[in-house]
Amino acid sequence: MELNELYRDVILDHNRHPRNFGPLDPADASVEGFNPMCGDRLTLRLRISDDSISDIRFEGQGCAISTASASLMTEAVKGKSRAEAMQLFERVHRLLTDDAAVSEELGKLAALSGVREYPARVKCASLCWHTLSSALQASGSHIAPVSTE
């Protein structure tokens with residue numbers, strides 16, 4: 001199987017069977033993200049315990065890339081410290097926007113590298129990540145929605 005096919009299969013699987021999809025109550029942070037370019041919308045909720053993400057869930061509607069990215073992200077950051085999650089945000093942002101080599105350290109997140117071939121879809125894949133960044137910076141309060149305009 002070719003690498004691009006493997007990446008596509010990961011995206012399709014996470015879109016069809018999103019992980020960590022559903023409500024989380026109570027939550028330490030609840031942030032809404034919206035991509036006005038395509039209408040993707042999600043609400044990200046997380047719990048912080050000892051400065052780590054003890055639980056994270058998302059709800060909303062979006063394209064396959066947006067849903068898959070949110071599913072992959074929630075799996076990747078659960079159990080990570082705020083600092084580790086922010087470092088992962090930076091690495092994924094570079095993966096989506098730079099023409100750098102894909103690191104094996106990213107695991108399944110490497111599937112998102114194919115998105116950079118479609119510049120209009122980068123915002124679909126990054127919406128949940130920007131929403132996570134906002135949530136981590138202001139956990140403990142409901143903050144204004146995030147937009148990827």
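Predicted model: local features only at pLDDT ≥ 70, side-chain atom pairs only at ≥ 80, totals over all residues.

Residues are numbered from 1 along each chain as its sequence is written, and side-chain values use heavy atoms, with hydrogens and water left out.

**Exercise 1. The overall layout**

Find how many helices and strands the protein chain has, and in which order the elements run.

*Solution.* 
- Step 1: count the elements, where helices (H or I, at least four residues) and strands (E, at least two) are DSSP runs, numbered from the N terminus. The protein chain has four helices and four strands.
- Step 2: start at the N terminus and read along; the order is α-β-β-β-α-α-α-β.
- Step 3: look at burial, where buried means under 20% relative accessible area, exposed over 50% and partly exposed in between (1.4 Å probe, protein chains only). Of the 149 residues in the protein chain, 44% are buried.

**Exercise 2. An enclosed helix**

*Solution.* 
- Step 1: check the length. The expected span is 1.5 Å times one less than the number of residues. For the 14 residues of α2 that gives 20 Å, which agrees with end C-alpha atoms 20 Å apart.
- Step 2: zoom in on Ser71, which belongs to helix α2. Ser71 counts as buried because its relative accessibility is 0%.
- Step 3: go just past the end of α2, where Gly79 takes a positive phi of about 90 degrees.

**Exercise 3. A helix with a buried side**

Identify the buried residues of α3 and say what covers them.

*Solution.* 
- Step 1: locate α3 at residues 82-97; its 16 residues reach 22 Å from first C-alpha to last, close to the 22 Å expected.
- Step 2: pick out the buried residues of α3, namely Ala85, Leu88, Phe89, Val92, Leu95 and Leu96. They cover an arc of only 125 degrees around the axis, which puts them on the same side of α3. That arc is taken from the directions from the helix axis to the C-beta atoms.
- Step 3: recall a rule. An α-helix has 3.6 residues a turn, so residues three or four places apart point the same way.
- Step 4: find the cover, which includes β3 (52-61), α2 (64-77) and α4 (122-137).

**Exercise 4. The largest pocket**

Decide which residues line the largest pocket, and which element gives the largest share.

*Solution.* 
- Step 1: On a 1 Å grid over the protein atoms alone, a pocket is an open set of points with protein on both sides within 12 Å along at least five of seven lines, and lining residues have an atom within 4 Å of a point.
- Step 2: name the lining, which is Asn4, Tyr7, Arg8, Ile11, Leu12, Ala64, Ile65, Ala111, Gly114, Val115, Glu117 and Tyr118.
- Step 3: sort by element. Two or more residues come from each of α1 (3-16) and α2, and α1 gives the largest share, five residues.

Conventions
Contact = heavy atoms within 4.5 Å. 1 Å grid on protein atoms, 1.4 Å probe; cavity = no way out; pocket = protein on both sides within 12 Å on 5 of 7 lines; lining within 4 Å.
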